Amino acid sequence: MVGPARPQFVLFGSSIVQLSFGNGGWGSILAEIYARKADILSRGYFGWNSRRALQVLNQVFPKDAAVQPSLVIVYFGGNDSMGPHPSGLGPHVPLPEYIENMRKIVIHLQSLSEKTRVIVLSCPPVNEAKIRGNTSGVRSEVVRTNKLCQSYSEACIKLCQEMGVKVVDLFTSIQKKDAWENACFTDGIHLSAEGSKIVVEEILKVLKESNWDPCLHWKSMPTEFAEDSPYDLVAADGKSTVNPSDWTYFWEIQWK
């Protein structure tokens with residue numbers, strides 16, 4: 001552990017979380033936005049469903065940890081929503097069980113501390129045509145349809161509304177982009193850089209509109225070691241310095 005201690009934002013989920021720090025992913029964007037403000041930590045597990053998440057929940061988020069996260073962003077549902085395999089193997093989780101698993105995950109996260117906030121991401125859509133074209137001799141056919149994704153997304157949103165938990169409707173928000181099927185995904189399932197930008201926009205919208213105390217939107221959080229210094233860049237007048245602590249001109253997008 002290094003100091004000073006910063007608020008921790010934990011991304012907890014399946015491959016959409018594990019891959020979020022590569023290729024312009026939403027985890028890496030959040031890490032850039034929250035530089036010197038919060039530590040963005042990934043606990044992403046490729047191929048996992050809500051059952052496996054429950055199995056390790058106490059290990060990933062122990063209740064007796066000395067420091068608890070300020071924010072947990074949770075995503076499970078895409079693998080759960082896959083069509084069942086005749087063998088009974090595979091990631092499919094029936095919808096009623098998925099909802100109960102998500103309920104248990106959220107309750108556990110809320111119990112970590114009075115200041116731990118939770119945002120749930122609902123199941124996004126998929127590019128069905130691209131999935132059908134991605135054949136493999138290693139795995140069986142992947143059954144992912146937007147009808148299934150929508151049913152799991154809607155059920156997740158309904159659960160979060162009942163529990164008073166913040167939720168991002170990825171199924172709807174991603175489809176607002178023109179040509180979203182190809183623009184937002186790399187392989188029909190996992191997010192491209194454009195898809196990740198939508199995720200970040202929606203997360204920041206929730207953080208900005210929430211009445212949480214303290215506010216976790218990046219513009220409201222203090223910047224570490226942001227005091228003026230004679231060692232900062234010399235200003236044009238040659239008599240003072242310019243503090244660069246909160247400069248964002250180098251960002252691809254000036255996030256709101």
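Let's start at N23, which sits in the loop between helix 1 and helix 2. A word on the labels: helices (H or I, at least four residues) and strands (E, at least two) are DSSP runs, numbered from the N terminus. Before going on, please keep in mind that this is a predicted model, where local features need pLDDT of at least 70, side-chain atom pairs count only at pLDDT 80 or more, and totals for chains, interfaces and linings use all residues. Residues are numbered from 1 along each chain as its sequence is written, and side-chain values use heavy atoms, with hydrogens and water left out.

N23 is exposed, with a relative accessible area of 78%; exposed means over 50% relative accessible area, buried means under 20%, and partly exposed is in between, with a 1.4 Å probe and protein chains only. What is the phi of N23? About 55°, a positive value although N23 is not a glycine. For background, most residues other than glycine have a negative phi, and most peptide bonds are trans.

The loop between helix 1 (15-18) and helix 2 (26-33) also holds S20. Is S20 buried or exposed? Its relative accessible area is 1%, so S20 is buried. Not counting residues up to four places away in sequence, S20 touches L11, G25, W26, G27 and S28, where contact means heavy atoms within 4.5 Å.

Now, the helix packing. Two packed helices are described by the angle between their axes and the distance between the axes. The axes are lines fitted to C-alpha atoms, for helices over the stretch in contact, and angles run from 0 to 180 degrees between N-to-C directions.

Take helix 3 (residues 50-60) and helix 4 (residues 95-110): they pack at an angle of about 25°, with their axes 9 Å apart. That makes helix 3 roughly parallel to helix 4. The cut-offs go like this: under 35 degrees counts as roughly parallel, over 145 as roughly antiparallel, 65 to 115 as roughly perpendicular, and the rest as oblique. Helix 3 passes helix 4 in a left-handed crossing, meaning that the near helix is turned anticlockwise from the far one by less than a right angle, while clockwise would be right-handed.

Which residues meet here? From helix 3 we have S50, R51, A53, L54, L57 and N58, and from helix 4 we have E97, Y98, N101, M102, K104, I105 and H108. This contact of helix 3 with helix 4 divides into six nonpolar, four polar and three charged residues. In that scheme Ala, Val, Leu, Ile, Met, Phe, Trp, Tyr, Cys and Pro count as nonpolar, Asp, Glu, Lys and Arg as charged, and the others, Gly among them, as polar.

Let me zoom in on L54 in helix 3. L54 is partly exposed, with a relative accessible area of 25%. Leaving aside neighbours within four places in sequence, L54 is in contact with N101, K104 and I105. L54 and H108 are 54 residues apart in sequence, and their C-alpha atoms are 9.7 Å apart in space.

Helix 4 has another partner, helix 6 (residues 146-163), and the two pack at an angle of about 40°, with their axes 10 Å apart. That makes helix 4 oblique to helix 6, and their crossing is right-handed. Helix 4 brings L95, Y98, I99, M102, R103, V106, I107 and Q110 to the contact, and helix 6 brings S151, Y152, A155, C156, L159 and M163. By class, the contact of helix 4 with helix 6 has 11 nonpolar, two polar and one charged residues.

Next stop, K130 in helix 5 (residues 128-133). K130 is partly exposed, with a relative accessible area of 33%. Where neighbours within four places in sequence are set aside, K130 is in contact with T186, D187 and G188. From K130 to E181 there are 51 residues in sequence and 8.7 Å in space, C-alpha to C-alpha.

Last, the loop between helix 9 (193-209) and strand 6 (233-234), where we find S210. S210 counts as buried, at 8% relative accessibility. F225 is in the loop between helix 9 and strand 6 too, and at 55% relative accessibility F225 counts as exposed. The phi of F225 is near 50°, positive in a residue other than glycine. P214 lies in this loop between helix 9 and strand 6 as well, and the peptide bond from D213 to P214 is cis, with omega near 5°.

Thanks, everyone!
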